[in-house]
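Q: I have a structure open and would like to learn how to read it. Can we go through it together?

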Amino acid sequence: MENFNFYSPTEFVFGKGRENEVGFYVRKHGGTKVLIHYGGGSAVRSGLIDKVRASLDAEGIGYCELGGVQPNPRDTLVYKGIDLCKAEGVDLILAVGGGSVIDSAKAIAIGVLYDGDFWDHYCGKAEVKQALPVGVILTIAAAGSEGSPDTVITKEDGMLKRGAGSDLLRARFSILDPELTQTLPAYQTACGATDIMAHVFERYFTNTPEVEVTDRLCEAVLLTMIKETPRVIADPDNYDARANIMWAGMVAHNNIVGVGRQQDWNSHGIEHELSGLYDVAHGAGLAVIMPAWMEYVHKHDVMRFCQMAVRVFGCHMNFADPEATAMEGIRRFRSFLHSIGMPINFAELGAKEEDIPVMVEKLGIGSGKRAGFMELSAEDVTEIYRIAAHASL
Ligand code: NZQ
Ligand code: ZN
């Protein structure tokens, strides 16, 4: 196991009705004037924004509002948010929604205190030195942004999807009420589940030996997702299954399952070009890319893929032919994703094979290699996109 620091300062507030306490938590974490930031309307339609206003009113906390965050959140709304916060003297940003809203809130939090273009932090020109505090009310279990130090924004000019990260961006508090996720359509629920599993796999496939405790934690989250996702697809109001998925989504990405080990993240990088270019859901893009990446890299460490196949997907270990076991595990993963309604190839996702060179170019690998579980050249990534384009069950 490698040396590590684990820092997760967020106060998690979990359970039924906890969103009604938001005013208390804003005050506790120093907020006196709040920006309520939300998405395309689900939080308004469900009555959640009314509850938030009532709770802030009851605590005597002032607020302004900015809705309209799109999935794959855009830089254009971030600029509006920064201007609004400066004009209104906002001192805490409250994200009410999913990963897109939270990531947009984090970008605004950076921009309000930065004397320049917030995008500098997403294109490697600047590091986050300060940010306004962010609070969260989560409405979809997926991205894990409620516990992560990351934010991903899409620049409309060129549809460039890029990320920034800093412990300063970890939410001060995150309210997780599983009931709020019961209004999610099955497709969004499945996209979220896929993202959660991908966050674990990005950590599970490592070159660091002897990391039994995090291996086992990863497997626990994956087994939970395999059990609970079909239950909520069949019965969207199943509170306990929703609750297990919501906590799994947080655990999958605040890095508790990834400490002390080298991580990969190439599937995410490769996927971000897909959701950037076609504006598809991140989880759906991962359903197409992640099994393709697995097929391409499995020979790098066949026994690690066998471990996944046996412990997570219940395969029988074929000692005479470990590769067959590894491939059977990957086949079962893809088939699970298909069973919950996810696309498994470019046609089902709405992507085009002829765009592969554009996506590879945007990744900017040049003649070098992307680091990770297996280092990947531009040719390797091209082959992964090709496998993804033609995948079948
Ligand atoms: O906009 P509204 O109307 O709210 O609808 C949203 C949106 O259309 C809907 N939705 C959310 N909660 C709902 C609901 N509909 C009904 N009932 C509810 N309770 O779901 C749709 C998707 O929302 P979004 O926030 O985009 O989903 P998600 O949480 O999957 O976030 C995806 C974004 O997070 C980024 C992704 O790249 C993508 O841009 N990621 C962020 C990470 C991070 N910050 O740590 C890590 C991830 O790997 C990921 O890259
Ligand atoms: Zn993700």
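Q: How many residues surround ligand 1, and which are the closest?
A: Keep in mind that this is a predicted model. To find a ligand's surroundings, you look for residues with a heavy atom within 4 Å of it. Here, 32 residues surround ligand 1, and the closest are Gly40, Ser42, Gly99, Ser100 and His199.

Q: What is the shell around ligand 1 like by class?
A: You sort its residues into nonpolar, polar and charged: there are nine nonpolar, 19 polar and four charged ones.

Q: Which atoms lie 3.1 Å from an oxygen atom of ligand 1?
A: For polar contacts, you look for pairs of N or O atoms within 3.5 Å. A backbone N or O atom of Gly41 sits 3.1 Å from a ligand 1 oxygen, and a polar side-chain atom of His272 is also 3.1 Å from an oxygen of ligand 1. For His282, a polar side-chain atom lies 3.2 Å from a ligand oxygen. As for cover, ligand 1 has 960 Å² of accessible area on its own, and the protein covers 88% of that.

Q: Now the protein surface: is Met1 buried or exposed?
A: Exposed means over 50% relative accessible area. Met1 has 53%, so it counts as exposed. You'll find Met1 in the segment before β1 (11-14). Together with Phe4, Phe6, Val213, Leu217 and Ile256, Met1 forms a nonpolar surface patch with about 530 Å² of accessible area.

Conventions. Residues numbered from 1 in each chain as written. Chains lettered and ligands numbered in written order. Predicted model: local features only at pLDDT ≥ 70, side-chain atom pairs only at ≥ 80, totals over all residues. Heavy atoms only, no water. Patch = residues over 30% accessible without salt bridge, like charges linked within 9 Å, V, L, I, M, F, W, Y side chains within 5 Å. Areas by Shrake-Rupley, 256 points an atom, 1.4 Å probe, with all protein chains shown as cover. Salt bridge = Lys/Arg side-chain N within 4 Å of Asp/Glu carboxyl O. Helix = DSSP H or I, 4+ residues; strand = E, 2+ residues; numbered from the N terminus. Buried < 20%, exposed > 50% of the residue type's maximum accessible area, 1.4 Å probe, protein only. Polar contact = N/O pair within 3.5 Å; in protein donor to acceptor, adjacent residues only side chain to side chain. Nonpolar A, V, L, I, M, F, W, Y, C, P; charged D, E, K, R; others polar.
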